[in-house]
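The following paragraphs go through a structure step by step. Please keep the sequence and the 3D view at hand while reading.

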Protein chains: 2
Amino acid sequence: MLNANASRPSVQRPLVIAIDAMGGDHAPEMALAGAEKAASVYGASVHFLLYGPQDRLASALSRYPRLAAASTLHHAVDVIANDEKPSAALRRGRDSSMGLAIRAVREGKAQGVVSAGNTGALMAMAKVFLRTLPGIDRPAICGTLPTEKERIVMLDLGANSACTAENLFEFTVMGNAYARVMLGKTRPSIGLLNVGVEEVKGNEAVRSAALLIRESGLDLNFVGFVEGDDLGKGTVDVVVTDGFTGNIALKTAEGTAKFYTSLLKAALKKNLLSKLGALLAKPALLSIKDTLDPRTYNGAMFLGLNGIVVKSHGGTDDIGFANAVRVAVELAQHDINQSIIAEMVKTGHMLAEEAAGDYEEPL
Amino acid sequence: MLNANASRPSVQRPLVIAIDAMGGDHAPEMALAGAEKAASVYGASVHFLLYGPQDRLASALSRYPRLAAASTLHHAVDVIANDEKPSAALRRGRDSSMGLAIRAVREGKAQGVVSAGNTGALMAMAKVFLRTLPGIDRPAICGTLPTEKERIVMLDLGANSACTAENLFEFTVMGNAYARVMLGKTRPSIGLLNVGVEEVKGNEAVRSAALLIRESGLDLNFVGFVEGDDLGKGTVDVVVTDGFTGNIALKTAEGTAKFYTSLLKAALKKNLLSKLGALLAKPALLSIKDTLDPRTYNGAMFLGLNGIVVKSHGGTDDIGFANAVRVAVELAQHDINQSIIAEMVKTGHMLAEEAAGDYEEPL
């Protein structure tokens, strides 16, 4: 049981991360190769629990010596398919590679789980097996994205299609904690996504959420409303919105970047001069690709659950998956959930005892 | 009074468009120069009513001979400021250049109005002076945007921060009529913006709206749900969404394009080779700018009102304003509102008599 005011235990043991080795389009090779990359970085400080068919993983693992040295295999015969409905995954997925990896966090065997599998199934099982943090009504999908300035944090990227002002307030507290860890900023600036910056703009939920944030008594660097074009500008460190708008805004940004790339490619192929120009500028132009490389931003956390659950893009490669593992490791190292609980206690939205009572320390 | 089944009168008189000459950042010069461009195209087939201070307009008009030959000045001493609240505009704006221009449509003196002024004030006055079309509960802001394929139509771009399924259904009927005119397609494809393409995805409003569209009995080319990245791909001709999501998606796309442009500029300035490459490719690269030129897409209609009201961007130039005038002219020539009423009658959402009774023919 947790006492919200207790100091964090000094962890001597390595951090443990559970990996759903069978999630993603190129499982298990992609997940193992990604975890190998992460194992090269973290050495003995992180131990991996690998979930999947024992024989298959064991034979593949011979190609990943660093991971082999830093991991334990855990047999899981079942795999959650990409098109499996969340309800079906819940019914029959307990002993799948995904289900067992989540339950490792539930049982305190791991501090975080990473999966590139079925998003809906992962969210459904994570919600049921881990439950939400005390004071938090709904988990949100939280990730980082590139901007003209630095990378920013955005949530909810799609977990909740309808949100109340209270949900948006909780996302604000959670996003603030996420940005402190992932952006390394003490007091990240926070904006609520809206259709204008004036107080009267927007729907009831965002207007009430702005009031809740301002009157929360928390030391948040809340700048007020931001608009869609502030995503590209990087106006604030954290953009808070509901999962419907957040998902559509994120995909619109991705789609626009692809559209622009296609325009650029067509323009550079237009004539002989432009082709020569493209040849000369090619190394420089590749820097655009690097800046926008989705692998760099891979790994979104299901924030607000009793445990760290990181979703990797299913189509990513080992570099992208290693990034998702890094997200889980950093969030676990900084004990993000503890910070969220401490903030929620301050708001009076919950009593400290309730926090202690509801929360079961994963370790 | 209108009979929904009557054939359209054959118009011998020129089409009349009212211009709020005092709207926009560079009024009245920008509006007059833009209308001059339009007058050059339309000659005697379009007549303009110009609203603003008589002396100021008269002296400026000497520089625009084609417009002078195709227009009438109408004195308006008041101007709606850009920061004026809609409620204040409603109270004191009746006789402003904007108010008089809208009322010209109300009184049947003009078939459409174009303003680059205060969006909120224009919407408020247009709603009160013109009222909504029979069968239509809420007007929507409708415009076109560039994609990898052709340009597409999108609505609502920001008039309604909260929408019901019925609102979204009405937007679908209106967007279909808009695309038939502006894209010249007989049966434009239509998608509802959502967080996934499966039927179970999204909030209650979009799921119910999809059912309403499918069960409407109208011959609509409805493809179902589309996602944020379908905007850039140009997957469908018409994207229907609520004004909150639509406004944020549109601005996110604009912001992402600007971000990408800044990345491209920085990359091309990176070193001597890239600078030389940029020089060679410059003419070809300018085609990207042309494709995305916001002036080409300037002019969004407040769709669903008893009259054609087109909002031009306030910061545009004469080329952009001429485009907004073109939007108003084309929509008036094709009598878009008549098509919308005819479709709504077919749905049985309203009786034909009600349609006839509520609607006062502007002519």
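**From one residue to the interface**

Leaving aside residues up to four places away in sequence, Asn176(A) touches Pro188(A), Ile190(A), Leu220(A) and Glu343(A). The coordinates come from a predicted model. Asn176(A) sits in helix 7 of chain A, which covers residues 165–182. The relative accessibility of Asn176(A) is 6%, and with buried meaning under 20%, Asn176(A) counts as buried.

Burial can also be followed along a whole element. Helix 5 of chain A spans residues 97–106, and nine of its ten residues are buried, so this helix is largely enclosed by the rest of the structure. The buried residues run through Ser97(A), Met98(A), Gly99(A), Leu100(A), Ala101(A), Ile102(A), Arg103(A), Ala104(A) and Val105(A). What do the buried residues of helix 5 pack against? Their partners in chain A include four strands listed by number, namely strand 1 (15–20), strand 2 (46–52), strand 3 (71–75) and strand 4 (112–115). Helix 6 (119–130) and strand 11 (308–311) of chain A are also packed against them. After helix 5 of chain A comes Gly108(A), which has a positive phi, near 80°.

The next step is the relation between the chains. Two copies of a chain are related by a rotation about an axis and a shift along it.

How many residues of each chain take part in the contact? In chain A there are 50, and they are in contact with 50 residues of chain B. The size of an interface is often given as the accessible area lost when the parts come together. Between chain A and chain B the buried area is about 4,500 Å², and carbon and sulfur atoms give 74% of that area. Phe244(A), Phe259(A) and Tyr260(A) supply 17% of the area that chain A buries against chain B, more than any other three residues.

Two salt bridges are found across the interface of chain A and chain B. Glu227(A) forms a salt bridge with Lys251(B), with the closest N and O atoms 2.2 Å apart. On the side of chain A that touches chain B, helix 9 (229–233), helix 10 and helix 11 (272–292) of chain A each supply at least two residues. Helix 10 of chain A gives the largest share of that side, 21 residues.

Aromatic rings are the last topic. Over all chains the count comes to one aromatic pair. Tyr260(A) and Tyr260(B) form this pair, which is stacked, with 4.3 Å centre to centre and 20° between the planes. Tyr260(A) lies in helix 10 (residues 243–268) of chain A and Tyr260(B) in helix 10 (residues 243–268) of chain B, so the pair joins two chains. Are the two residues buried or exposed? Tyr260(A) counts as buried at 5% relative accessibility, and Tyr260(B) counts as buried at 5% relative accessibility.

Key. Residues numbered from 1 in each chain as written. Chains lettered and ligands numbered in written order. Predicted model: local features only at pLDDT ≥ 70, side-chain atom pairs only at ≥ 80, totals over all residues. Heavy atoms only, no water. Buried < 20%, exposed > 50% of the residue type's maximum accessible area, 1.4 Å probe, protein only. Contact = heavy atoms within 4.5 Å. Phe/Tyr/Trp six-rings, centres within 6.5 Å; stacked < 30°, edge-to-face > 60°. Buried area = accessible area lost by both parts, 1.4 Å probe. Salt bridge = Lys/Arg side-chain N within 4 Å of Asp/Glu carboxyl O.
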